[in-house]
Amino acid sequence: MGQEVGASLSFDEGRALEIIEKLAHLEGAMLPILHALQEAFGYIDERMVPLVAQALNISRAETHGAISFYHDFRHAPAGRHVLRICRAESCQSMGCEGLVDHLRHAHHIEPGQTSANGVITIENVYCLGQCAVSPAALIDGEPIGRLNEARLDALLSQLNGARS
Ligand code: FES
């Protein structure tokens, strides 16, 4: 199993501005800035939106649009572990939607959410290049193939039990 995802930093306007200003001169600076902010803080804090908009001379709505369009950006700090479930075609044909339903009903968590105890965040991803072993997922960046309900249950109970 993978390492824990690093703890998110709390919002620091000075640090965020430093990152934004360093990259704002790039052509198509929006995505590099958002990625750098997420790498530094673990998510895109709402308070970063006006800073990015101002630096790039665009509206807050455009900045929000980019953040919501790309699935990679988190709106809140992640849990200590991140499970990314592939929802693309091959994994769909092999039952990933059933796994997402199972998460909802048996574990009360779904993509886009973090468990109440802060242990796990579930996210969607769209093709991991692991189609041959669909349905596929990543746990803290490490691939898992041929995922099924039993393996999912075991994984969640291991993560919750470890409380690392
Ligand atoms: S479609 Fe899921 S890994 Fe390719």
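Author: Let's begin with handedness: a crossing is left-handed if the near helix is turned anticlockwise from the far one by less than a right angle, and right-handed if clockwise. Helices (H or I, at least four residues) and strands (E, at least two) are DSSP runs, numbered from the N terminus. Residues are numbered from 1 along each chain as its sequence is written. The model is predicted, with local features needing pLDDT of at least 70 and side-chain atom pairs counting only at pLDDT 80 or more, while totals for chains, interfaces and linings use all residues; side-chain values use heavy atoms, leaving out hydrogens and water.

Now to the first pair. Helix α1 covers residues 13-23 and helix α2 residues 30-41; their axes come within 9 Å and cross at roughly 150 degrees (axes are lines fitted to C-alpha atoms, for helices over the stretch in contact, and angles run from 0 to 180 degrees between N-to-C directions). That makes α1 roughly antiparallel to α2, given that angles under 35 degrees count as roughly parallel, over 145 as roughly antiparallel, 65 to 115 as roughly perpendicular and the rest as oblique. The crossing of this pair, α1 and α2, is right-handed. On the α1 side, R15, A16, I19, I20 and L23 make the contact, and α2 answers with P32, I33, A36, L37, A40 and F41 (contact means heavy atoms within 4.5 Å). Sorted by class, that contact of α1 with α2 has 10 nonpolar, no polar and 1 charged residues. Here Ala, Val, Leu, Ile, Met, Phe, Trp, Tyr, Cys and Pro count as nonpolar, Asp, Glu, Lys and Arg as charged, and the others, Gly among them, as polar.

Next come α3 (residues 48-56) and α4 (residues 60-69), whose axes come within 8 Å and cross at roughly 115 degrees. α3 and α4 are therefore roughly perpendicular to each other. α3 passes α4 in a right-handed crossing too. V49, P50, V52 and A53 of α3 meet R60, T63, H64 and I67 of α4, and by class this contact of α3 with α4 has 5 nonpolar, 2 polar and 1 charged residues. Have a look at N57 while you're there: N57 sits in the loop between α3 and α4, and has a positive phi of about 55 degrees although it is not a glycine.

Overall you get 7 helices and 4 strands, in the pattern α-α-α-α-β-α-α-β-β-β-α along the sequence.

The strands form an open sheet of 4, ordered β2-β1-β3-β4 with mixed pairing. Its edge strands are β2 (120-125) and β4 (142-144), each pairing on one side only (two strands pair if DSSP finds at least two bridges between them). From one strand to the next, the twist averages 25 degrees. β3 (residues 137-139) pairs with β4 in the antiparallel sense over 3 bridges, and I139 stands opposite E142 in β4.
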